[in-house]
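Thanks for coming, everyone. Let me put the model up, and then I'll walk through it.

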Amino acid sequence: MKMLPASYLPLILGVIVLGIPACSKKAVRSGGDIQALQEEMAKGGTAKEGTSSSFPDTSFSGRDDSTGLRGLDRNPSEERLGGNSGNGGGSGGAGHTNAMIAKADSGAAARQLAEIRAEQVASVAAGLRDVFFAYDSFSITDEGRHALSGDAEWSRTNPYSQLKIEGHCDERGTSAYNLVLGEKRAKAVRNYLVELGVTPAHLSVVSYGKERPFCSEHTESCYSQNRRGHVVVKTGK
Amino acid sequence: MTFRAVVFVGLCVSIGVVWIIESGAADVFLEATKPDFQRIPLGIAGIDNMGGAESSEGRVKLGTRIEEVLKADVRRSLVFALVDLPSLGIKVDHLGTEPDASFKQAAENGVSVIVWGKAGVKNGSKDADLSMDGYVYDAGSNEVAGGKRYVGSTSVVRLMAHRFADELVFRYTGEPGIARTKIAYVSELGTARELFVMDYDGYEPRQLTADGFLNLMPRWSPDRRFLVFTTYRNRNTQDIDMLELATGKRWTLVSQGGLNITPALSPDGKALAYSSSHEGNAELYRLDTHTKTVQRLTTHAAGDLSPSWSPSGREIAFTSDRNGGPQIFLMSADGSNVRRLTFEGDYNAAPAWSPRGNWIAYVCRTPKKEYKLCVITPDGQKHLQLTTGLGVDDSPSWSPDGRHLVFSSTVDGKSQIYMINADGKDLERITFTGTHNSAPSWSPAS
């Protein structure tokens with residue numbers, strides 16, 4: 001059977017255990033060199049329009065023969081697979097299968113969960129309401145306008161708070177196109193809030209497409225829950 | 001090359017027993033690329049178990065396990081037709097290093113290639129290494145064409161079979177085979193979606209990220225060292241990251257606000273095409289991976305996304321909703337010569353250009369509002385629907401040999417990953433665990 005190997009258990013437990021003390025810490029990026037990127041951009045370096053100049057050159061000139069096949073042999077010599085010794089693995093082929101590992105920021109999952117929970121609590125306390133959309137549509141309905149008038153009122157009376165509008169879609173359609181549709185929904189909500197007098201700088205948008213559904217049944221009642229502009233109090237940066 | 005001779009001999013003798021062969025005569029793909037191609041009849045006489053060795057997967061003996069994996073690889077190669085030797089009345093008495101007397105009889109019955117071998121604990125090994133010997137009998141020449149000898153730990157049992165299968169494909173086609181390729185994909189852990197990679201047959205899944213939020217739509221670099229994908233920094237902004245498989249090291253390639261999605265490296269690895277909305281709406285951009293300069297490719301008030309490079313790197317297929325619903329468009333790799341490719345239906349998206357160049361796979365919405373896989377030729381002359389029925393199909397990705405597609409579907413309820421031949425045959429589910437597996441991307445061959 002294809003089960004997740006038992007070797008994941010320590011990782012998962014580690015995420016849970018290590019995550020608890022990390023909850024209150026500021027977000028730290030794992031594994032990458034986002035810091036180098038930020039430093040470079042602060043210096044006005046060669047990074048252009050928010051792209052990094054520090055990643056490796058990925059250009060590729062044909063097949064890497066060192067990982068290739070050797071053909072049949074009437075007197076076959078021994079090929080060692082999987083290890084870094086011997087002659088059968090090669091750096092990019094069989095040999096690297098054992099090296100592929102999750103480089104885990106062990107606190108990341110727990111920290112994300114804690115921040116999401118904090119956002120939810122703040123948003124419920126604020127009485128913010130969501131907007132729902134028709135299939136394939138990013139037009140705000142009359143009911144949506146009514147909901148947003150309350151959200152706009154809250155924003156005007158809480159000028160030091162930021163609102164984040166998440167665009168969500170139902171599971172139908174492709175992941176990629178739903179990210180575009182989700183952004184259109186989020187921007188439609190933002191634009192209407194601005195029409196109602198909310199300061200644009202107090203609003204941000206993000207599209208989650210169909211990747212963070214509120215329910216997962218294949219029914220219209222679930223789909224309609226997931227076609228949403230979700231308005232939350234932004235607690236992180 | 002012996003290939004043609006083998007096929008010719010195989011064809012001549014196999015006429016009488018053509019009913020036993022899983023024939024690919026109606027295979028649309030093979031017809032389209034190799035009109036004279038006929039699958040080569042291949043029999044597996046057995047991989048003997050030596051010395052009571054047991055594989056890493058429980059009580060199944062090593063030879064038995066390798067034989068099972070090898071059979072599946074041979075079947076999926078679509079180069080060979082797997083012949084059941086016992087059903088031809090062929091009984092193999094003794095497997096050594098020389099052909100069994102029965103092989104001649106099999107050859108007379110139209111079998112072109114017979115493979116056999118043995119596997120077990122390596123003789124005199126202090127590290128309890130395992131070994132597998134495989135031999136290939138070529139009916140055309142009535143002699144042993146050669147063999148392979150693999151050694152390694154229990155963790156490479158499946159790899160021994162995969163590598164042997166690829167050697168067989170290589171010998172008879174000159175192509176490297178797909179049995180050692182991998183599939184990167186997205187899997188749900190709690191409410192997070194993380195990147196994983198698995199063997200092409202769905203085994204040996206490995207987790208690559210543990211960010212606790214969303215990582216989406218991985219794509220391979222042409223040298224198989226890296227994945228590029230969309231990640232949500234602090235949940236609020238989308239960046240495009242690159243991850244090195246061997247080390248887990250990560251770099252941020254694009255971080256500029258708005259949507260930053262559907263990255264795809266060109267076949268020569270020198271350019272990254274992606275969609276970004278940082279200047280307003282989703283447009284396609286091209287990042288030179290050497291000079292790190294960015295060129296905007298599209299200028300339109302509608303959304304442009306999902307770039308897929310032609311194998312020559314000279315053209316890009318993409319999704320655009322400039323005519324209302326999403327449709328597939330083509331353009332030159334510098335953004336010029338934009339033209340619409342799909343006209344059937346009101347929703348066509350997620351194009352994937354075949355590595356052979358002759359088809360573009362995509363998600364099409366049928367008149368019944370079902371999201372299914374379709375393929376179309378780049379000249380738009382011919383198009384076919386590959387899948388039918390319930391479920392949302394998404395994210396088609398080609399095997400490097402252009403004979404298969406992998407994709408996600410909710411046909412069984414939760415999103416899982418499936419493989420299908422380029423002609424719509426042999427639908428096979430390859431992920432079985434978890435609440436959500438999606439966005440598969442097939443690696444290049446090595």
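I'll take chain B, then the interface, then one glycine.

First, the ground rules. This is a predicted model: local features need pLDDT of at least 70, side-chain atom pairs count only at pLDDT 80 or more, and totals for chains, interfaces and linings use all residues. Residues are numbered from 1 along each chain as its sequence is written, and chains are lettered from A and ligands numbered from 1 in the order in which they are written.

Chain B overall. It has five helices and 29 strands. Helices (H or I, at least four residues) and strands (E, at least two) are DSSP runs, numbered from the N terminus. Of the 446 residues of chain B, 60% count as buried. Buried is 20 or more other C-beta atoms within 10 Å of the residue's own, exposed is 12 or fewer, and partly exposed lies in between, with C-beta atoms placed from the backbone. Now contacts, meaning C-beta atoms, placed from the backbone, within 7 Å. Among those in chain B between residues at least 6 apart in sequence, 44% join residues at least 24 apart.

Next, the helix pair. Helix α3 (residues 62-77) and helix α5 (residues 157-173) of chain B have axes that come within 8 Å and cross at roughly 40 degrees. The axes are lines fitted to C-alpha atoms, for helices over the stretch in contact, and angles run from 0 to 180 degrees between N-to-C directions. So α3(B) is oblique to α5(B). Under 35 degrees is roughly parallel, over 145 roughly antiparallel, 65 to 115 roughly perpendicular, and the rest oblique. What makes the contact? On α3(B), residues including Leu62(B), Ile66(B) and Val69(B); on α5(B), residues including Met160(B), Phe164(B) and Leu168(B). By class, this contact has 12 nonpolar, two polar and three charged residues. Ala, Val, Leu, Ile, Met, Phe, Trp, Tyr, Cys and Pro count as nonpolar, Asp, Glu, Lys and Arg as charged, and the others, Gly among them, as polar.

On to strands. Two strands pair if DSSP finds at least two bridges between them. Strand β1 (residues 40-49) of chain B runs parallel to β2(B), joined by four bridges. Pro41(B) has Ala81(B) of β2(B) as its bridge partner. In β2(B), Phe80(B) and Leu82(B) point one way, Ala81(B) and Val83(B) the other, and all are buried.

There is also an open, antiparallel sheet of four strands in chain B, in the order β8-β7-β6-β29. Its edge strands, β8 (206-207) and β29 (437-442), each pair on one side only. Two bridges join β7(B) to β8(B). Phe196(B) stands opposite Gln207(B) there.

Now the interface. Here 78 residues of chain A are in contact with 98 residues of chain B. Which element gives the largest share of the chain A side? That is α5(A), with six residues. The chain A side divides into 27 nonpolar, 30 polar and 21 charged residues. Glu78(A) stands opposite Arg149(B).

Last, Gly303(B). It sits in the loop between β16 (294-296) and β17 (304-309) of chain B.

Technical notes:
Contact = placed C-beta atoms within 7 Å.
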